[in-house]
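I opened the notebook to go through strand pairing and charged side chains. The entries follow the order of looking up.

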Amino acid sequence: QSPVNSSLNGVWGTAANDVWAVGDSGAVIHYDGMKWSAGRSGIQSSWNGVWATSGSNIWAVGGSGTIAHWDGGGLTQVDSGVTEPLNGISGTSANSAWAVGDNGTILRWNGSKWSPSPSGTPVTLYAAAAVAAQDAWAVGAGGKALRWNGTAWNNVNTGTSASLNVLWAASATDVWAAGDGGTVLRWDGSKWNALAGPSTMTVLGLWAGSASNVWAVGAGGVY
């Protein structure tokens, strides 16, 4: 049971006894394998996304370009250099992470600082998923999908105009995106394929344990 009343917008776990969730009004809660513990970040931001590599390397992103880092002892705000809301974050290591947000904002963490990475689009981006340091995805409004090739972000046709809200990347040839109108897409290594889903409701969360074990949640329940 959640110890806070705030809306929770993102969740990430590094182990069965180390799960973090973040949300509105600076809410940050932690699950230790037994119970959820409440905390306030002390930073006046509504958090939209969280990602981690370990219990001492956790990132949260939110409104007004706010980024914070947990090092195992405390949460510290880290300069992002932007004021646009940040909606999603993903990475592959403590030295490689991506944050995406409004107006096509993309930032990259190199282990010491966040720097802008030109997206070439003004479209709001809602989610990121990194496969490797030189292979990452970002998706957003209007069916927008961008792929990082190690040098630049490139547009990739998705075949949909529906907003894409969430991403999950299992490998370079198995990436999932979902969004408005029950839209579910799967990247097979060469193109995005539309999948028939059981609902036309908006998808807000996505997780895959394997190629044949994929879960989506959103308006109306679990798919």
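Is lysine 35 buried, exposed or partly exposed? I found lysine 35 partly exposed, at 49% relative accessibility (buried is under 20% relative accessible area, exposed over 50%, partly exposed in between, with a 1.4 Å probe and protein chains only).

The model is predicted, so local features need pLDDT of at least 70 and side-chain atom pairs count only at pLDDT 80 or more, while totals for chains, interfaces and linings use all residues. Residues are numbered from 1 along each chain as its sequence is written, and side-chain values use heavy atoms, with hydrogens and water left out.

I searched the whole structure for salt bridges and got four (a side-chain nitrogen of Lys or Arg within 4 Å of a carboxyl oxygen of Asp or Glu). One of them joins lysine 35 to aspartate 32, with the closest N and O atoms 3.7 Å apart. Aspartate 32 is partly exposed at 31%.

Next I looked up arginine 147, which meets aspartate 135 in a salt bridge at 2.9 Å, N to O. This pair links distant parts of the chain, strand S15 (residues 145-148) and strand S14 (residues 135-140), twelve residues apart. Strands are DSSP runs (E, at least two residues), numbered from the N terminus. Aspartate 135 is buried at 11%.

Last, I checked strand S11 (residues 106-109). Four bridges join S11 to S10 (residues 96-101), antiparallel; strands pair if DSSP finds at least two bridges between them. Alanine 99 stands opposite leucine 107. I noted four residues between S10 and S11 in their hairpin, where asparagine 103 has a positive phi of about 55°.
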